[in-house]
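Let's take a walk through this structure together, one region at a time. Have the sequence and the 3D view open as we go.

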Amino acid sequence: MTNVSLSTRPQKSMVATSLRIALYTVLLSVAALYLLPFAIMLITSLKDVEEIRTGTLLSLPSTLDFSAWGKAWSSACTGSTCDGIAPFFTNSFQIVVPAVIISTVLGALNGYVLSMWKFRGSEIFFAALLIGCFIPFQVILLPMARTLGWLGIANTTSGLVFVHVVYGIAFTTLFFRNFYQAIPSELVKAARLDGAGFFTIFRRIILPLSTPIIVVTIIWQFTQIWNDFLFGVAFSGFDTQPVTVALNNLVNTSFGGKEYNVDMAAAIMAALPTLIVYVLAGKYFVRGLTAGAVKG
Amino acid sequence: MASLVIDNVKKRYGNTSVLKGIDIAIEAGEFLILVGPSGCGKSTLMNAIAGLEDVTEGRILIDDQDVTFSSPKDRDIAMVFQSYALYPNMTVAENIAFGLEMRKVPKTEREQEVQRVAELLQISHLLNRKPSQLSGGQRQRVAMGRALARRPQLYLFDEPLSNLDAKLRVEMRTEIKKLHQKLKTTIVYVTHDQIEAMTLADRIAVMKDGEVQQLGTPQEIYDNPANLFVAGFMGSPAMNFIPAKVIESGNTIMLELTTNTIETPTTINTIETPTRLPFPNAESLQSHIGKEVLLGLRPEMITEPQPHKAGLEFTVNSHVNVDVVEPMGADTMMITRIGNNEVNCRCHPSYNMVVGATCEVMFDTSKAVAFDIESGQRLD
């Protein structure tokens, strides 16, 4: 008996080891596949135009040349102006920050009402709201353009904030409502008997429990709005264009040869804020998405 | 402390009636227990008293004031929930003080009150902890503390002990009883545990299908159940229901039932022995002579033959088969069959009972009751 177990043990661990090696090989190659485009962007942005033309995609730059980054930031031409993408960064932040805050606050309030203060028809209301998550951007372009014009905020930053808030509420409400669904409604009952009102209960009891879902919502909304191109290109004025639109203009504006290094540097910079948000709050994102899925 | 009047309260959701006209009145300082199976409407009634749910019809009065349409915070009620509903982001002290804070009680007074309640419930050492750092029993105490701190007119307890393990539940039960004796508070307490109901209540309201089946003291409910449902719900093990025929024997009306006994362990022939039992309120069965009724007899009324009771007016000895023997320490439960019904008998542990054999038992019908087989209503 002992002989058998002694002889099988090394075999078993050999199978386990080779499985492990296979697993890591697959994982590493998939990771490489995903990282490759980013690596190429980074490499290309550090080469000069001459080197890009003569070398291959993956050949490393001979010297680290950051001049393309500087140009993309402050002097590359985006259509008729040549101030780089820096001013559009400001535009994007002016759109994203208020839009994220407003849509998150409204989503939290909606979720609070739809899970803790159910009223006749609240489930139907919620179902109707959910349809908002599935409406493609293109469908609302024309009606929204008319609405913005009617409201007098066409081509303004406030107009874009408005569009993103309206479009985001469906998602933020869904997030908060599902999160609050897992909070026992007896907490609200107890607070009501204790004498707390609608907003006091929200502020003192519900909001302090909401950190994970707030982080999820902020990441989601930040990414969505920062990366949006269609609304940006359709509803922005000349001086309110977000960075995604500017990036497109930068890539399409060329005098003579294409400056791939500048394009790549600009693209990386435009993607950087969402990357930073993920790195800082990524662990909450995964935690928050699974929270409420399993009770306890 | 306040009295509570529930006057013909009805609650409907669409076409389904959850409460079908509840009438209950309790005095200040009384301990009322609402008991019944799940879905009987007891929690809905509790929520209606608290103001967390609107009633469709009827009135609710606290201390003679109509509060039917008042908001929960204006009713001056505190409630202890089954899940405790402690605010997870606040410490124990903050949990207890929250209601006072909402009622704009000054900080120093709040702190004194928290200290008072914490000492009363022996949770002073827990005041700085969060609810997640407490055990089930400790959370239960904090939940009670939160209710006690405000000194409300009326306390509502919604199955407060059902999340505790058996031993702790018994301890906390006694604790709640002591607290009520000490503070003389008016309490409405919902439970589905009939032992909790018996031990704690001044009065019990047994509910079923949105109606109060019976409202009375624990002893009344135990001895004089209004119908088959109440009789079967209260008491553990439940009351025995034995089909019996009402017969006239001489001048008196008696109940006749048939016990089966096996002649010897080796044969399967059973002998049907008719047993005639006297009945305390026999005249009330006059109209049922010749018909079958259900005789209700508590397990402790079917025992081994007890010499000091022999020859009394309502005792009769008979033989039954022993099907199951369950020693419980203080007593031994013996289970037999009479007619088609299982019957529990509470015997002394020293009494010799052999499974499969027959033994002699004594029926004591001095507290027996009778029910109509069809309607389940009391006959006597």
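Two residues are in contact here if their C-beta atoms, placed from the backbone, lie within 7 Å. With that in hand, and keeping in mind that this is a predicted model, start where the two chains meet. Chain B brings 17 residues to the contact and chain A brings 13 residues. On the side of chain B that touches chain A, strand E6 (77–80) and helix H2 (92–102) of chain B each supply at least two residues. By class, that side of chain B has twelve nonpolar, three polar and two charged residues.

Strand E6 of chain B also leads us into an open sheet of six strands, with mixed pairing and the order E6-E7-E8-E3-E9-E10. E6 and strand E10 (211–216) of chain B are its edge strands, each pairing on one side only. On average, neighbouring strands of the sheet are turned by 20° against each other, direction ignored. Within the sheet, strand E3 (residues 31–35) and strand E8 (residues 187–191) of chain B run parallel and are joined by five bridges. There you can find B:Leu32 opposite B:Val188 of E8(B). Helix H4 (residues 136–149) of chain B packs on this sheet, where it touches E6 and strand E7 (154–158) of chain B, and its direction makes about 175° with that of E6(B).

Now turn to chain A. How do the axes of helix H5 (residues 122–131) and helix H7 (residues 157–181) of chain A cross? They come within 8 Å and cross at roughly 135°, which means that H5(A) is oblique to H7(A). The crossing is left-handed. H5(A) contributes A:Phe126, A:Leu129 and A:Leu130 to the contact, while H7(A) contributes A:Ala170, A:Thr173, A:Leu174 and A:Arg177. Five nonpolar, one polar and one charged residues make up this helix contact.

Methods:
Residues numbered from 1 in each chain as written. Chains lettered and ligands numbered in written order. Predicted model: local features only at pLDDT ≥ 70, side-chain atom pairs only at ≥ 80, totals over all residues. Helix = DSSP H or I, 4+ residues; strand = E, 2+ residues; numbered from the N terminus. Nonpolar A, V, L, I, M, F, W, Y, C, P; charged D, E, K, R; others polar. Pairing = 2+ DSSP bridges. Axes fitted to C-alpha atoms, helices over the stretch in contact; angles between N-to-C directions. Parallel < 35°, antiparallel > 145°, perpendicular 65-115°, else oblique. Left-handed = near helix turned anticlockwise from the far one by under 90°.
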